[in-house]
Amino acid sequence: VDRTRIRDIAVEQKILLVILVLGIYLSLRSRYFLTFQNITNIFLAISFEGMIAIGMAILIIVGEIDLSVGSVMAFGSVLAVLFQPYGIAAGVAAGIAGGAAVGLLNGLLVTRLRLPSIAVTLGTMVLMKGVVFALTKEHTITGTNRSFTIISQTELLHIPVPVYVFIVLALLFAMVLNRSTFGRDVYAVGGNATASKLFGIKVERVKTACFSLIGFLSGLAGVMLAGKLNIASGNIGQYSNVFVITAVLLGGISLEGGEGRILMAVEGVLLLGIMNNAMVIMKISPFVQEIIRGLLLIVIIIIDAISIEKKKYR
Amino acid sequence: MKKARSILINNLKEQTQVIILIAFVVVFSLISPEFRTSGNFINLLKQVTVIGVISCGMTIVVITGCLDLSVGSVFSLLGLVGILLQQRSNILGVVVPLACAVAIGLFNGFIVTKYRVNSIIATLGSLSLFSGIALLITNGAIIAGRTGTWFGIIGRGRFLGVPNHVYVLFIVAIIFHIILSRTALGRKMKYVGTNTVAAEIAGVRSKRIRTVAFVISSLSVGVAVLIYTSRMTTASPITGVGYEFDAVTAVVIGGTSLAGGKGSIFKTIVGVLLLATIINLLTLYNFPFAFQSIIKGILIITAIVIDVRARKK
């Protein structure tokens, strides 16, 4: 094995390396870090926004973005609480369908009316927040169906269900992107929408599907979150868009579109999750955590911008 | 005659928002006796000064083709800084927030222009950053300043029966209007917003112009903070939450294009009044607060649709 090869692998897997180094440092610093319970907690904490990050990765690869994910997640959780009197399945279905519907709306607005996605989803973000507050009358609402919590509190091998859902979805969509026609179309449209159109790819349909997918996943994340404590409120997901976009970019997916893999988003989410966990272990104040999250997003997009610039000159 | 008529029609098309505003006020006055009282009109003007001043600054940033989502958390932060210092000295309570505003504007402008990053995502980052700092300063607590000093003159004083801060809004609007329509700086801002590459080829330093726009935006937040602290003599780390959306809504429904290059302060003021009139009516009829958010979301999307349609023609 020659040295350049090792260097290439190190550059390629830099996020994994950072996770490893951070993990070793934390396990030396705190006896609690490397316990089964804590690792499970980290995965449980990231699983909800992790589901959304899968959708965000695909959306960014196709060349669009969605700022409304947090409001849509809150919408999904509120619907899950409101519809659970009709049965667990009704609550789950309502939350997911509601999220997917908002995603579809975003997609149609962007593709049919040719609007910039960042501005449209800023609008739907405010709109859906209002809808959620209207539905909850600005209170935290509690579910009446006690058994609803089985969807998130059930454990297999001492690991709660949302973690499995996140991992299965990540594997599923990694395969969809790699193996399916849809995946190929996503990369083609993100790489060059005009050329894709000339090749007969239905660009509008692919993009609408990606928006619907992230809506679906945000709704699902909301449903699973509601299942955790069986409560919902308009304050859910306030900073989810910052978290998810930071995670996806941190994983190395560029805002330029056309490139990236689901695994990168998962790595980004995992790293952010470990960082959040570390900040809690080190008893860093939540206010400082917010400062760090803000700075991190700024640093990440600067690095992304620099690497896009470099690519142009190469 | 024909020519005169077409000019008239074109002018009317340009002023859609003004016509809508007038129609709203007339219709609302007819259907609601509470709305048409002079007390309510003064109230309406009093309510819009803070958002109005912030929106004027936002207009400048939008014209250069960017967006500043950090204004809300910057507002909270500067309010706390102002009140903390005003507890000791009124002058510091006025000067330091404005100085901080300039520094914050330079920070935002530097990040966005130096690395050419998307301004929405960058300022989403600084929103989180400054809101964290604001929460940290007082550990989440609300603080109060000293009352009964000249500090309250902007917020509580009146001249000829009109609150002083309404004059402040007018002065800010007029200054910004002059900058945009009469100065080289304003022209350059519109060039940069229309076509950055072309503007740079023509010798306009687009990075510097955009940075100035961000400074103007933060500075107007600073002025809005003075109005607020002067009136309330209190500050909380969450005062400004959501102000960014109010300002963006006002700017886009006024008719300033989010694509940059086009827009005016007059339009934004009309947008601010339009938004305030709608919210005022919702409040008078006891609609829950949530509906304000729904209406704002619908207005933002509608305004973007109209703007994109208009540019296609």
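Which side chain meets A:Arg184 in a salt bridge? The partner is A:Asp185, at 3.4 Å from N to O.

This is a predicted model: local features need pLDDT of at least 70, side-chain atom pairs count only at pLDDT 80 or more, and totals for chains, interfaces and linings use all residues. Residues are numbered from 1 along each chain as its sequence is written, chains are lettered from A and ligands numbered from 1 in the order in which they are written, and side-chain values use heavy atoms, with hydrogens and water left out.

**View 1. A:Asp185 and A:Arg184 form a salt bridge.**
A salt bridge is a side-chain nitrogen of Lys or Arg within 4 Å of a carboxyl oxygen of Asp or Glu. A:Asp185 counts as buried because its relative accessibility is 14%. A:Arg184 counts as exposed because its value is 54%. Buried means under 20% relative accessible area, exposed over 50%, and partly exposed in between (1.4 Å probe, protein chains only). Over all chains, the whole structure holds 6 salt bridges.

**View 2. B:Glu200 and B:Arg116 form a salt bridge in chain B.**
The N to O distance is 3.7 Å. B:Glu200 lies in helix 10 (residues 196–201), and B:Arg116 in the loop between helix 5 (90–114) and helix 6 (119–138), so the pair ties together parts of chain B that are 84 residues apart in sequence. Helices (H or I, at least four residues) and strands (E, at least two) are DSSP runs, numbered from the N terminus. B:Glu200 is partly exposed at 32%. B:Arg116 is also partly exposed, at 46%.

**View 3. Salt bridges with shared partners join A:Arg114, A:Lys197 and A:Glu204 into one network.**
The side chains of A:Glu204 and A:Lys197 meet at 3.1 Å, N to O. A:Glu204 is partly exposed, with a relative accessibility of 22%. A:Lys197 is partly exposed too, at 42%. A:Arg114 sits in the loop between helix 5 (88–112) and helix 6 of chain A.

**View 4. A:Arg114 and A:Glu138 have positive phi values.**
Most residues other than glycine have a negative phi. Phi of A:Arg114 is near 55 degrees. For A:Glu138, phi is about 60 degrees. A:Glu138 lies in the loop between helix 6 and strand 1 (141–142) of chain A. A:Glu138 counts as partly exposed because its relative accessibility is 36%.

**View 5. Chain A meets chain B.**
In contact (heavy atoms within 4.5 Å) are 42 residues of chain A and 41 residues of chain B. The buried area is about 3300 Å², and carbon and sulfur atoms give 84% of that area. Buried area is the accessible area (1.4 Å probe) that two parts lose on being put together, summed over both. Helix 6 (117–136), helix 12 (240–250) and helix 14 (286–313) of chain A each supply at least two residues of the side that touches chain B. Between the two chains, the count is 0 salt bridges.

**View 6. Chain B carries a nonpolar surface patch of about 840 Å².**
Its residues include B:Ile22, B:Val26, B:Leu30, B:Leu284 and B:Phe291. Patches are made of residues with over 30% relative accessible area and no salt bridge: like charges are joined within 9 Å, nonpolar side chains (Val, Leu, Ile, Met, Phe, Trp, Tyr) within 5 Å. Accessible areas come from the Shrake-Rupley method with a 1.4 Å probe; for residues, only the protein chains shown count as cover. Helix 2 (residues 16–31) of chain B gives the most to the patch, with 5 residues. B:Leu284 belongs to helix 13 (residues 265–284) of chain B. At 32% relative accessibility, B:Leu284 counts as partly exposed.
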